[in-house]
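Dear colleague,

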Amino acid sequence: MKNILITGGAGFIGSHVVRLFVNKYPEYKIVNIDKLTYAGNLENLKDIENAPNYTFVKADICDFETVVAVFVKHNIDGVLHLAAESHVDRSIKDPFTFAKTNVLGTLSLLQAAKERWKENYNEKLFYHISTDEVYGALQFDETLFTEETKYNPHSPYSASKASSDHFVRAFHDTYGLPAIITNCSNNYGPYQFPEKLIPLFINNIRNNKPLPVYGKGENVRDWLYALDHARAIDIIFHKGKVGETYNIGGFNEWKNIDLIKVIIKTVDKFLGRNEGESEKLITYVTDRAGHDLRYAIDSSKLKNELGWQPSLQFEEGIEKTVKWYLENQQWLDNVTSGAYQEYYEEYYGQKDEK
Ligand code: NAD
Ligand code: DAU
């Protein structure tokens, strides 16, 4: 495959995937299509924006005609689909936007791929990036999510992602569209929008602001460094079996309150504060509605069949992450002030394409 469409490449995980593919595969043409919602930030890609094998297209994946035009113009033969509304709290307030982008946007891409590739599925692949949240919630004594776990989404976000997964399988089963789905656990690392737990708390500790812990802080999440997710995507895109699902996770479960204390300790260390000094910022707040108790991914299939495993230990990943946010305060400040949204016009002018 040579011409790869990456959707949502200006977002958190998408930017790690775009960077990895642009740098590792100079022979590929990488086309990044992104609507630049509040979560899309082209400053995430400054280091590769001038690469000869990279093109950015500002567009909504729900706009079917534009998507087809991109397939035709760039002769797309592989899709890495990451574009989505991704924040659970926002989905509780505005489920329609989630259904539109996550369900209809995915359908628009599937239909474009089907129409464009119909004549020849050889060497084509539609790779859909999804989440472990589609499996629902585990109790503390339950075994990890496997690829066979039944779907049981609870939030509007996870319901929309589950629906998109079903559409991808339906296109594979009905039309033979070559597709792979992966379901990954919670990601952390550089370039994550500071509405999500880890960057929000790093930023708040830096600014001596309250740290809003939902409920009792007892919910459990399974954390993976975003670049390790991107590496897994690279391996699966090239070696995964068409029609298969792979779980991606680092066997790294943390109770929120314990994770928060590690973040506090690490930020305090870097800022030269006394150890644990910022624990006074912890503020217990009303729980998230329908808050899933525990996610935990069994990624043995990926390890056994394709040899992937995380490259970073969690402590190392958290150190790197905290250091990155503290050393890139301008990035954080541009995001919190909204200045990052001006970058598209600054760099691309009025043109939609480089
Ligand atoms: P993100 O919110 O940081 O980025 C999403 C990107 O999609 C943004 O650049 C945004 O502008 C773009 N986008 C949104 N709506 C669009 C539309 N209609 N058309 C075109 N572009 C649009 O998300 P993320 O955390 O990087 O997640 C990326 C993907 O990975 C999502 O599909 C998400 O469900 C999945 N995922 C995320 C995690 C996680 O922990 N963040 C874990 C597992 C799976
Ligand atoms: O599991 C994968 C999912 O992980 C992805 O599919 C989602 O796109 C991604 O946003 C993430 O979902 P979560 O809801 O788990 O992530 P979030 O960072 O919002 O919250 C992590 C945990 O921390 C969760 O139990 C809620 C809690 N939390 C979150 C925030 C923002 C707090 O206690 N306080 C907060 O302010």
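**The shell around ligand 1**

Strand E5 provides the largest share of the shell around ligand 1, with three residues. Please note that the model is predicted. E5 spans residues 125–131, and it is one of four elements that each supply at least two residues of this shell, together with helix H1 (12–24), helix H5 (156–175) and strand E7 (186–188). In total, 28 residues surround the ligand, and the closest are Ile-13, Asp-34, Ser-86, Tyr-157 and Lys-161. By class, the shell comprises 13 nonpolar, 11 polar and four charged residues.

A polar backbone atom of Ile-13 lies 2.7 Å from an oxygen atom of ligand 1. The side chain of Tyr-157 places an N or O atom 2.7 Å from an oxygen atom of the ligand. For Ile-61, a backbone N or O atom is 3.0 Å from a nitrogen atom of ligand 1. Of the 830 Å² of accessible area that ligand 1 has on its own, the protein covers 97%.

**Helices H10 and H11**

On the H10 side, the contact is made by Trp-324, Tyr-325, Leu-326 and Glu-327, and on the H11 side by Gln-329, Trp-331 and Leu-332. Five of the residues in this contact are nonpolar, one is polar and one is charged.

With kind regards

How values were computed. Residues numbered from 1 in each chain as written. Chains lettered and ligands numbered in written order. Predicted model: local features only at pLDDT ≥ 70, side-chain atom pairs only at ≥ 80, totals over all residues. Heavy atoms only, no water. Near = heavy atom within 4 Å. Polar contact = N/O pair within 3.5 Å; in protein donor to acceptor, adjacent residues only side chain to side chain. Areas by Shrake-Rupley, 256 points an atom, 1.4 Å probe, with all protein chains shown as cover. Nonpolar A, V, L, I, M, F, W, Y, C, P; charged D, E, K, R; others polar. Contact = heavy atoms within 4.5 Å.
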